[in-house]
Number of protein chains: 2
Amino acid sequence: MTEDAFQSSDTARSGRLLKHVNNFQFDGPLKLELGGRLQGINVAYETYGRLNSSKDNAILICHALSGDSHVARHNEDDDPGWWDIAIGPGKPIDTNRYFVICPNALGGCRGTTGPNSLNPATGRRFGAEFPRITAGDIVEMQCVLIDHLGIHRLLAVIGGSMGGHQVLTWATRHPDRVAGAIALATSARLTTQALAFDVVGRNAIRRDPNFKHGRYIDHDTAPAVGLALARMLGHITYLSPESMREKFEPNRLQTREFDTEFEKQFSVGSYLAYQGDKFVERFDANSYIKLSLAMDLFDLGKTPEELSARLFRSECRWLIISFTSDWLFPPEQSQELANVLLGLGKQVSYCNVVSRCGHDAFLLSDDLPVYGELMRAFLDSADNEQINDIRKDEISNPQSPASIFGPNGSHRIDYDQIVQLIRTDASVLDLGCGRGSLLANLRSNGNRRLTGLELSETDVLACLRRGLDVVQADLNSGLAAFAEAQFDYVVLSHTLQAVRDVERLISEMLRVGRRSIVSFPNFAYIKLRKMLSEQGKSPNSSGLLRYKWYNTPNIRFFSITDFEDFCRERAIHIHERVALDTEEQKVITGDANLLADMALFVISK
Amino acid sequence: MTEDAFQSSDTARSGRLLKHVNNFQFDGPLKLELGGRLQGINVAYETYGRLNSSKDNAILICHALSGDSHVARHNEDDDPGWWDIAIGPGKPIDTNRYFVICPNALGGCRGTTGPNSLNPATGRRFGAEFPRITAGDIVEMQCVLIDHLGIHRLLAVIGGSMGGHQVLTWATRHPDRVAGAIALATSARLTTQALAFDVVGRNAIRRDPNFKHGRYIDHDTAPAVGLALARMLGHITYLSPESMREKFEPNRLQTREFDTEFEKQFSVGSYLAYQGDKFVERFDANSYIKLSLAMDLFDLGKTPEELSARLFRSECRWLIISFTSDWLFPPEQSQELANVLLGLGKQVSYCNVVSRCGHDAFLLSDDLPVYGELMRAFLDSADNEQINDIRKDEISNPQSPASIFGPNGSHRIDYDQIVQLIRTDASVLDLGCGRGSLLANLRSNGNRRLTGLELSETDVLACLRRGLDVVQADLNSGLAAFAEAQFDYVVLSHTLQAVRDVERLISEMLRVGRRSIVSFPNFAYIKLRKMLSEQGKSPNSSGLLRYKWYNTPNIRFFSITDFEDFCRERAIHIHERVALDTEEQKVITGDANLLADMALFVISK
């Protein structure tokens, strides 16, 4: 185990004083959600970059459980910030462009009023008497700060984990004050498992004999063992099983020599002992209890219906990011948020970033090239609400790796046909939208209500860079997120032949779209028929069908006639059929099933 | 939350005295693996059923961390045993047939010598002075007991979790004394994550002020808070996220009223508080430390090579069972054990039981219909080493759901052909073996060295019931477990057309088998060609090709000629080709690619 193993995203800095903190005194009162009120609040916050004259470039950063206002360094001599990798000049959250504000949370112990602060009513520290607070209370305090800074509408609110709860709260309680919401590694409510870990951590603190019912400061002591145990447990949940293996398995039994009363006979044991001991130097046990309880009590709704009723109020554009190896805030919870927003017709993008780093991923550099660039692209387009810089060559040369039009990407005459078929005021859902070429074509044509679903992480990022809304999703999982007739058009171009459950997907498309457009290669095309009938070989050719039988992504082998039979058997209306010869780039008017290598149908229930 | 939520598999019984315990005094000394020796050991054990005259029907049960000798009730008035569902007359481990022995583990606190026992050297209780023990020490003590009972060879050793470590130890240290090994929900070594949870649990105990460096008994106290915290943490890891959700989410905030000093404001919180408090009534903290350390130190090898060197010694037949939702001992660890045993050419069956119950699954009734029946079938065939009761109708009517020979299962002339092609002394690996029909045919023909891989849980159980060795595996994951030329024949019958990565699978087969036999439907069969060329439709027919383009499992569309081209391009030797008309049940001698609906190739590198 290297020394590095002892460094972690948020514990590199111990209890040193923060040098660039601003303090805002709010005399209050702040009325609390669960009863009671606080007066004479201090808000410790730091800012980066400059607020522009129209005051519309402000971004609020909401920190997680053990974070603070020092999100980034202010200069080279400054202490490291907890999100230096993401915030600074030229970085994903670019302080050359944006005015970044990061306050310490209410109830914390790094400057803002919390259990360790003096209670003005008694002149003694609050301790355990600090009232129960919620994510809502933390946000209300942030609201007062934003008012104080003269900002009405935030360009974006950004936060991960507990910070994500604040993002969700901002967007739903103050919809007029948030233009963009970026929620990372978070959820509408904790899983039972995550809640259970918090309970054990709090029990460790509360049953530490030095806790003294929370009045430990009066006794000049602290529940150091309990807080360290809670922190050790937390650390396990922030890492993924695979990152723990990589970190500690090169030598499981090797330990580091340092002074601790905790067990250190395994490498992971001495790491946990070190993290536990360090944490108690910089964090307050009552703050830990109050903030973890605020997380545990956060509940935006436990069913899609409840969630929908809450998220309905939001008016911002959303970016939701989860991480594949995060088991504390599992990706399914973020997917559910994205799905409910999709169902509501909100502007939302979602990506489940492939990561080995667990819940901590959003604080680490490993996956920054994905989640950082997603944030940058999202903020870019939030900053330029009318995207006019779509390059024409991008539109005509999609070069999508998923294209079956040959490796060099030729002009997509099927896109031309689809664009012609769709009214400019129509809402469109593009299934398997790739890098967003068709959607960009539609936007150039005047369409505005556009949503894409795409499986590839790279393609999701490409769409965001074009200012398009795209949700990462596997079509084989269906379209349950969407309401009946939610879209004027649902498009499935060149994908049906690669779908596992064809019947379900078509039936879902018919439910969700007033009209559906399906395009696919025609395997009864004359050249392909001849290969089988005359040569006895599985059909393939250049371009459209360049793959061999053993490596083709096309797992469904069917013809125009087959698709028409399929529709007839299910009483599916065929409104229009366009048959194409993509090699000759022309529309076929004769015997389509024999002469077209591709077809496009407009269908409905 | 119901009262039931407070019941758990192994805590239903509190500290009551066990009535049917036998005590065996072993004067020793027992030399311990990590140094030191123990003298004057007491072994508390219970037995069920009767030892037969040849003393070859004995089964040893190894309990998990918090278990004891009381594995099952002895009669209706008896207290519940921790595995009543699995052990008893007519149950999977049938005490009408087998003599079942369950000793309390060395280092435990339920009768067998452990930290709570009197140290004969000092006349005081051992406490923290009890030596460090290993799974090996626990097994050596069991060995002495088995000797005492006059048993040389155990029909089976069975255990889950920590008990599984003992099973692995028995099979590798005393190969001549174990005929069958059943290892459930276990691993060759703990994951770093599981180890880390144990470390936190031990820290909670050791830093409890009442621990007194392990001498708490001398001070007439006990580290009840620390032990309860360790137990709470353990409980979370024994459950799956989904089972926790199902148990506690109907009402997250509802709590149960009972006397505790732990937090109980969430339903899961009051459950954990209850479990923690109950546990300290029946378990000793020093035992918890010693036994959890024995688990943490268990290490059969951290690479396949190290594992292989250890498992090489085993001579028993193996049954390895994991559970899909077990994240404490993840299925991959059991798969690795099975793979290494396969690679060594050992007799092994493996099943990853679909379960929602997490690590506890092996103690619960939910999945007993699968894991219990797997154990029953395994023990049945261990009890009847020569299986002669294969019913002929089973062989000729496979009725496999995966059969592509029509829903009613007709005679498989391809099996007849394959059996004819394989020498009776050859070793055979059947990929996608279904319910074992081909393997049973081969066994009837005299073949003995037979191994099957199959994805379906139901089919794995069917194979075990036939006394066949089968490992649950997805062919799309490859054959990395096997060595070069490990088998005389590798068979892939009627599956190639459903495989994703054809090239990899064929190349793996050629590596692992001296000869490979591949059979598949021929899509250039005359009737199929005509459907495409004359009707312009995707080919389908009755029987062999009864599926439609949108629901067929056949995702690869190829002909005999295509396969021959494929072999030629890769310099794969074709030793034999058999072309069949399965409707007419005859071999085709003319234009195979036109007239055969199925083909069978014998190939090699």
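## A histidine in a loop of chain A

A:H494 sits in the loop that links β16 (487-493) and α15 of chain A. Keep in mind as you look around that this is a predicted model. The backbone at A:H494 has a positive phi of about 55°, although the residue is not a glycine. Is A:H494 buried or exposed? It has 23 C-beta neighbours inside 10 Å, and the cut-off for a buried residue is 20 or more, so A:H494 counts as buried.

## A histidine in a loop of chain B

Now turn to chain B and find B:H213, in the loop between α3 and α4 (224-238) of that chain. B:H213 is not a glycine either, yet it has a positive phi of about 55°. Its surroundings are another matter. B:H213 has 8 C-beta neighbours inside 10 Å and therefore counts as exposed.

## How the two chains are related

A rotation of 180°, with 0.0 Å of shift along its axis, superposes chain A on chain B with an RMSD of 0.1 Å. That is the relation of a two-fold axis. The same surface serves both copies, as 100% of the contact residues of chain A recur in chain B. Which residue of chain A comes closest to the rotation axis? It is A:I555, whose C-alpha is at 2.3 Å from the axis.

## Where the chains touch

The contact takes 56 residues from chain A and 56 residues from chain B. On the side of chain A, several helices give two or more residues, among them α3 (192-206), α6 (267-282) and α17 (560-569). The helix that gives the most to this side is α3(A), with 11 residues. Sorted by class, the side of chain A that touches chain B has 30 nonpolar, 12 polar and 14 charged residues.

The axes of α6(A) and helix α3 (residues 192-206) of chain B come within 9 Å and cross at roughly 55°. The two helices are therefore oblique to each other, and α6(A) passes α3(B) in a right-handed crossing. From α6(A), the contact uses A:V268, A:G269 and A:L272, while α3(B) brings B:T192, B:L195, B:A196, B:V199 and B:V200. This contact has 6 nonpolar, 2 polar and no charged residues.

## A helix pair within chain A

Helices also meet inside a chain. In chain A, the axes of helix α8 (residues 304-311) and helix α9 (residues 331-343) come within 9 Å and cross at roughly 65°. Here too the crossing is right-handed, with α8(A) passing α9(A). The residues in contact are A:P304, A:L307, A:S308 and A:L311 of α8(A), together with A:E336, A:V340, A:L341 and A:G343 of α9(A). By class, 5 are nonpolar, 2 polar and 1 charged.

Helix α13 (residues 437-444) of chain B has 7 of its 8 residues buried, so the helix is largely enclosed by the rest of the structure. The buried residues include B:L438, B:L439, B:N441 and B:R443. Just after α13(B) comes B:G446, which takes a positive phi of about 115°.

Our last stop is B:Q265, in the loop between α5 (241-248) and α6 (267-282) of chain B. B:Q265 counts as partly exposed because it has 14 C-beta neighbours inside 10 Å. Although B:Q265 and B:L253 are 12 residues apart in sequence, they are 6.6 Å apart in space, C-alpha to C-alpha.

Technical notes. Residues numbered from 1 in each chain as written. Chains lettered and ligands numbered in written order. Predicted model: local features only at pLDDT ≥ 70, side-chain atom pairs only at ≥ 80, totals over all residues. Contact = placed C-beta atoms within 7 Å. Helix = DSSP H or I, 4+ residues; strand = E, 2+ residues; numbered from the N terminus. Nonpolar A, V, L, I, M, F, W, Y, C, P; charged D, E, K, R; others polar. Least-squares fit on C-alpha atoms with pLDDT ≥ 70 in both. Axes fitted to C-alpha atoms, helices over the stretch in contact; angles between N-to-C directions. Parallel < 35°, antiparallel > 145°, perpendicular 65-115°, else oblique. Left-handed = near helix turned anticlockwise from the far one by under 90°. Buried ≥ 20, exposed ≤ 12 C-beta atoms within 10 Å, placed from the backbone.
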